[in-house]
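Have the sequence and the model open side by side while reading.

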Number of protein chains: 2
Amino acid sequence: MMTKPLAKSAVSQQRVLDAAARVFRDCGYAGATMRVIADQAGLKAGSLYYHYKSKDELISAVLDLGMNATIGALKAALAALPADATARQRLEVAFRTHVTTIIANGDYSLATSRVFGQVPEVIRVQHEKVRDLYGLMWREILTTGQQRGEFRATANMTLARLLILGALNWTAEWFKPGTRSIEDVTSGFAAIVMDGLAAPDQL
Amino acid sequence: MMTKPLAKSAVSQQRVLDAAARVFRDCGYAGATMRVIADQAGLKAGSLYYHYKSKDELISAVLDLGMNATIGALKAALAALPADATARQRLEVAFRTHVTTIIANGDYSLATSRVFGQVPEVIRVQHEKVRDLYGLMWREILTTGQQRGEFRATANMTLARLLILGALNWTAEWFKPGTRSIEDVTSGFAAIVMDGLAAPDQL
DNA sequence: GGTAAAATCGAACGATAGTTCGAAAATTCG
DNA sequence: CGAATTTTCGAACTATCGTTCGATTTTACC
């Protein structure tokens, strides 16, 4: 008899995914073995294949989750902003949201950024599209702000985007909760990117 | 009889190292196999062990070379600067030097940054010291500039350093020679970091 | 509580990993 | 050229990889 999909397997599936993210992050794609992932999830290697039919499907799921969480969070945060928000406010919210998300989903974010270059090409190409979509969201924030005259007209916004994303993604590598708050980091970053390091001209 | 070390082996050793950097960059630490590295170097797997006595020694050599090239280049560039150079000039030179080096040594730089988190702990700890040394050089540039009053007193220089190094290291991932010049990238980055994105107040 | 379905196990498969080592080839130099 | 040395090869070893699959245990439902 046909039964509705039961919920007991979902908890195991989640444990497997979490374990996979951690192991992929620490060991890379090839270095992450199914046996270690299974062990971290409290299973034996063979049992993984009940939930994911191959290692490639596992890494693909990890990449999906890491990227989609980031995109979804940014979309939601921007949508929650009042319509008359300044470009600076939008940029600051984007900073905070990005860092908050990649810290909260640390295992997935680090796994994604560290392992992306090592994954089989088929999978990488597939996820590059999602990455590009995310880049487009940032491009929109920056160019709109420039068109409104809130950002310096002479600034190269493509370079700005690459600088910002490089700096923000790097936070996942060094940020340790407890030492500094996410708010401190993002507001500090925003201050530099918006106002620069140079001391104001003395009059 | 004892003979002086001959030079014929050095060329092979270099070919092995170059091949290793490429393969480590593309496949990660565990994914890079000795057989593929040997093949890229025009040798058979067993022959690698004449030059390096283990895979760990190989990756260690790649990490060394990647990091030391960057450190050496920055040291030299700063030393070549006139003694009365402004902090802004020093920072711009550091930008340019860092990017130029990691682009020139692309295989080693990317291998280093991608593989660092996957390497056996003994090796990683060893190279963390060298990394810290490099961070210290940047810290010096930034705090000195701040003490001289050339950089905003309110700016958090630790965050500035993390932002800058994150952004600069990320260039190795996206920079494609031909499209944009290194000079364009570094001067664009420097403009943002020094002067900020915000449009000047209208009076 | 019993029974069907879901979930896990455990042993095994071929493939390939890092590494070793004696033999073979290439190089150097008198 | 020929002998000593340097460099490379190729086959082999053990370990472990991803994966499969029938047996077994656990779970859900009447």
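Arg88(A) counts as partly exposed because its relative accessibility is 27%. In this predicted model, the side chain of Arg88(A) meets that of Asp195(A) in a salt bridge, with 2.9 Å from N to O. The two ends of this pair come from distant parts of the chain: Arg88(A) sits in helix 5 (residues 87-104) of chain A and Asp195(A) in helix 9 (residues 182-195) of chain A, 107 residues apart. Asp195(A), at 29% relative accessibility, is also classed as partly exposed.

In chain B, a salt bridge joins the side chains of Asp107(B) and Arg25(B), at 3.0 Å from N to O. Arg25(B) has a relative accessible area of 16%, and because buried means under 20%, Arg25(B) falls in the buried class. In chain A, Arg25(A), Asp26(A) and Asp107(A) are linked in a network of salt bridges.

An α-helix has 3.6 residues a turn, so residues three or four places apart point the same way. Glu92(B) is partly exposed at 28% relative accessibility, and Arg88(B) is partly exposed at 28%. Over all chains, the structure holds 18 salt bridges.

How many salt bridges cross the interface of chain B and chain A? The rule finds 0 there. Polar contacts do cross the interface of chain B and chain A: the rule finds 15 residue pairs, both residues at pLDDT 80 or more. On the side of chain B that touches chain A, the elements giving two or more residues are helix 1 (8-31), helix 5 (87-104), helix 7 (121-147), helix 8 (157-174) and helix 9 (182-195) of chain B. Helix 8 of chain B supplies the largest share of that side, 10 residues. Sorted by class, the side of chain B that touches chain A has 23 nonpolar, 10 polar and 9 charged residues.

The extent of the contact can be given in residues or in area. It takes 42 residues from chain B and 42 residues from chain A. The two chains bury about 3,600 Å² between them, and 66% of this is on carbon and sulfur atoms.

What surrounds Trp138(B), leaving aside its neighbours within four places in sequence? Trp138(B) is in contact with Leu74(B), Leu91(B), Ala94(B), Phe95(B), His98(B), Arg161(B), Ile164(B), Leu165(B) and Leu168(B).

Helix 6 (residues 106-115) of chain B is mostly covered, with 8 of its 10 residues buried. Among the buried residues of helix 6 of chain B are Gly106(B), Tyr108(B), Leu110(B) and Arg114(B).

In chain A, helix 4 (residues 55-79) contains Gly66(A), which is buried with a relative accessible area of 5%. Beyond its neighbours within four places in sequence, Gly66(A) is in contact with Tyr108(A) and Thr112(A). In chain B, helix 4 (residues 55-79) contains Asp56(B), which is partly exposed with a relative accessible area of 30%. With neighbours within four places in sequence set aside, Asp56(B) is in contact with Tyr29(B), Pro120(B) and Ile123(B). The side chains of Asp56(B) and Tyr29(B) make a polar contact at 2.3 Å. The C-alpha atoms of Asp56(B) and Leu91(B) are 35 Å apart in space, and the two residues are 35 apart in sequence.

Technical notes: Residues are numbered from 1 along each chain as its sequence is written. Chains are lettered from A and ligands numbered from 1 in the order in which they are written. This is a predicted model: local features need pLDDT of at least 70, side-chain atom pairs count only at pLDDT 80 or more; totals for chains, interfaces and linings use all residues. Side-chain values use heavy atoms; hydrogens and water are left out. Contact means heavy atoms within 4.5 Å. Buried area is the accessible area (1.4 Å probe) that two parts lose on being put together, summed over both. A salt bridge is a side-chain nitrogen of Lys or Arg within 4 Å of a carboxyl oxygen of Asp or Glu. A polar contact is a pair of N or O atoms within 3.5 Å; within protein, one must be able to donate a hydrogen and the other to accept it, and residues adjacent in sequence count only if both atoms are side-chain atoms. Helices (H or I, at least four residues) and strands (E, at least two) are DSSP runs, numbered from the N terminus. Ala, Val, Leu, Ile, Met, Phe, Trp, Tyr, Cys and Pro count as nonpolar, Asp, Glu, Lys and Arg as charged, and the others, Gly among them, as polar. Buried means under 20% relative accessible area, exposed over 50%, partly exposed in between (1.4 Å probe, protein chains only).
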